[in-house]
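This report goes through a protein model with a reader who wants each term tied to its cut-offs. The structure is shown first, and the description follows.

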Amino acid sequence: MARKNRISHALYLKDWDFKKKDIATLEETAEAIAPGDYLQEMKDGIFCPTCYTPLFRSPSDKPFFSNRRNARYNHYESFLHVPCPLRAPKAIALKYDSEELARQAVENGELAVVHSFQTAAPDVDAQQVGAGGVGYYQDADGPVGSYPISRHKGESFRLPTKISAVSSICRRFDLNLNKYYLLPGRAVALPLTEELLDLATITEEDPNPRLYFAKILHSDRMGANDVVHLRMTYFKCNPKVKDFCLKATIAEQREKGIDDEVRHRYVLIWGAVTASGIGLCINRPKWGEYALLPQKYEPLLPIAEESSM
Ligand SMILES: [Zn+2]
């Protein structure tokens, strides 16, 4: 199998200068460009989403490849003095020397500790409407938890947590992709890119909840009552699986933008995989456990190659 490309995307902003360190401007105004969407004219304007040093794409000259996924971003040797976790060939679980440093990482947004996902829709007051009419809300504070993410063996740190929603991950997905997450039930903090799994690679039941991304093929309502009856949303699945669907009420899925018309959009979903007839499903996820991914972020998904399924 080809080596996984650790740099999912570059931040493209013409004339931005690493030396001036205006990171806020870069994060707010740069465009996220996947390696396959890179154009020659972006040369000298693409930067690492984690360490912000300039990047180059290899191969550098060909605008199009028979397999666009072979294209990748690389750091320059001349910036080796700037540490970046994305230089490592494999993601390294994040560890801290002290509780203080781990808390700081949570405060400055480098590490997100998700205690759980929201069970029900929050009050309207807490919601905001984002781009494309999708509702977002402020993550609520969760209980303080104890996590073994110390560099010293056997030591745990007490950290503040959030009760979040997958929609919060989808919003600014470009920035969140390389952020470290401690997802519910996990003992290690890994970049989101490492946690995301292509649902089309799954061939059997899995009782452990994981974070999947899935492409909607079609969606069917199973009755007349929107609040009571289910909608079955079918995903692109592995050729070895008969079908794979999400089961949740018609009303709840509509609120998330999923109806009869929605096709070929991607959903991010946290859940266990169970049997459904002779197929598979994610059955009745909690309100906060799934959301439609804004279309502009679809090129950033680490979609598995058909040949590797
Ligand atoms: Zn970097």
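## Conventions and model

Helices (H or I, at least four residues) and strands (E, at least two) are DSSP runs, numbered from the N terminus. With that convention, Val227 is found in the loop between strand 16 (206–221) and strand 17 (230–235).

This is a predicted model, in which local features need pLDDT of at least 70 and side-chain atom pairs count only at pLDDT 80 or more, while totals for chains, interfaces and linings use all residues. Residues are numbered from 1 along each chain as its sequence is written, and side-chain values use heavy atoms, with hydrogens and water left out.

## Domains

The protein chain is divided into domain 1 (10–87), domain 2 (99–193) and domain 3 (196–308), with bounds that come from an automatic or database domain assignment. Between the C-alpha centres of domain 1 and domain 3 there is a separation of 32 Å.

## The zinc site

Four protein donors, Cys48 (SG), Cys51 (SG), His75 (NE2) and Cys84 (SG), lie 2.2 to 2.3 Å from the zinc ion. Donors here are N, O and S atoms within 2.8 Å of the metal (3.2 Å for Na, K and Ca), and water is not among the atoms, so sites may look incomplete. Along the chain, the donors of the zinc ion follow the spacing C-x2-C-x23-H-x8-C.

The angles among the four donor atoms are 107 to 115 degrees, and the site of the zinc ion is tetrahedral, a label given to four donors if all angles lie between 85 and 135 degrees. For reference, ideal angles at a metal are 109.5 degrees for four tetrahedral donors. Both His75 and Cys84 are buried, where buried means under 20% relative accessible area, exposed means over 50%, and partly exposed is in between (1.4 Å probe, protein chains only).

## The second largest pocket

The second largest pocket has a volume of about 650 Å³, and of the 25 residues that line this pocket, the closest to its centre are Gln138, Asp139, Lys162, Ser168 and Lys179. On a 1 Å grid over the protein atoms alone, a pocket is an open set of points with protein on both sides within 12 Å along at least five of seven lines, and lining residues have an atom within 4 Å of a point. Grid points are joined across faces, edges and corners, and a volume is the space filled by probe spheres set on the points.

Which elements each supply at least two residues of the lining? They are strand 6 (111–117), strand 8 (135–137), strand 12 (162–164) and helix 3 (166–170), and the largest share, four residues, comes from strand 6. By class, the lining of the second largest pocket has eleven nonpolar, eight polar and six charged residues; Ala, Val, Leu, Ile, Met, Phe, Trp, Tyr, Cys and Pro count as nonpolar, Asp, Glu, Lys and Arg as charged, and the others, Gly among them, as polar.

## Backbone details

Most residues other than glycine have a negative phi, and most peptide bonds are trans. In this model, a cis peptide bond joins Ser58 and Pro59, with omega about -15 degrees, and Pro59 is placed in the loop between strand 4 (55–58) and strand 5 (72–75).

Lys21, in the loop between strand 1 (10–12) and helix 1 (23–29), has a positive phi near 55 degrees and counts as partly exposed because its relative accessibility is 47%. Arg172, in the loop between helix 3 and helix 4 (173–176), has a positive phi near 50 degrees and is partly exposed because its relative accessible area is 25%.

## Individual residues and separations

Strand 19 (residues 266–276) contains Ser276, and Leu268 lies in strand 19 as well. Is Leu268 buried or exposed? Leu268 is buried, because its relative accessible area is 0%, and although Leu268 and Ile169 are 99 residues apart in sequence, they are 8.7 Å apart in space, C-alpha to C-alpha. Ser276 counts as buried because its relative accessibility is 15%, and its C-alpha atom is separated by 24 Å from that of Glu195, 81 residues apart along the chain.

Val227 counts as exposed because its relative accessibility is 62%, and Val227 and Glu252, 25 residues apart in sequence, are 7.7 Å apart in space, C-alpha to C-alpha. Lys296, in the segment after strand 21 (290–292), counts as exposed because its relative accessibility is 58%, and the C-alpha atoms of Lys296 and Arg263, 33 residues apart along the chain, are separated by 15 Å.

Conventions: Tetrahedral: all angles 85-135°; square planar, octahedral: opposite > 155°, others 65-115°. 1 Å grid on protein atoms, 1.4 Å probe; cavity = no way out; pocket = protein on both sides within 12 Å on 5 of 7 lines; lining within 4 Å.
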